[in-house]
Amino acid sequence: MKLVLIGGGDIGRNNTKYETAKIDNYVVKLSGKAKPNFLFIGLASSFSDSYYKYIKDIYGNLGCETGKISNKTLKNIDVVKRKIDEADIIYIGA
């Protein structure tokens with residue numbers, strides 16, 4: 001398992017500049033897979049859906065299959081466990 005922890009950098013939301021391209025490419029490369037399974041977990045429920053839309057586009061364009069754990073998903077621990085077990089990349093947005 002590889003763990004990459006980063007903080008800061010804009011992803012292009014709210015008319016900001018997309019600053020994390022090098023990091024995003026590196027994370028996908030670290031997975032070692034041609035089409036990694038990418039899982040987004042949004043912690044700030046007030047904007048996690050809009051945040052995920054940007055992340056989905058970014059990582060989808062980098063060749064990932066993308067999915068998320070939403071507040072609704074959290075109610076089903078079996079689904080949460082399966083999604084985490086299947087993920088090659090887990091992105092936690094705070």
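In which segment is threonine 20 found? Threonine 20 belongs to the segment before helix H1 (21-31), helices (H or I, at least four residues) and strands (E, at least two) being DSSP runs numbered from the N terminus. This is a predicted model, in which local features need pLDDT of at least 70 and side-chain atom pairs count only at pLDDT 80 or more, while totals for chains, interfaces and linings use all residues. Residues are numbered from 1 along each chain as its sequence is written, and side-chain values use heavy atoms, with hydrogens and water left out.

Is threonine 20 buried or exposed? With a relative accessible area of 4%, threonine 20 is buried (buried is under 20%, exposed over 50%, partly exposed in between, for a 1.4 Å probe and protein chains only). Beyond residues up to four places away in sequence, threonine 20 touches Gly8, Gly9, Asp10 and Ile11, a contact being heavy atoms within 4.5 Å.

I turn now to the charged pairs. The structure holds four salt bridges, each defined as a side-chain nitrogen of Lys or Arg within 4 Å of a carboxyl oxygen of Asp or Glu. One of them joins aspartate 88 and lysine 33 at 2.8 Å, N to O; these partners are 55 residues apart.

Another pairs lysine 35 with glutamate 65 at 3.6 Å. Lysine 35 lies in the loop between H1 and S1 and glutamate 65 in strand S2, so this pair ties together parts 30 residues apart in sequence.

Lysine 81 and aspartate 85 also form a salt bridge, at 2.8 Å. Because they are four residues apart in helix H3, about one helical turn separates them.
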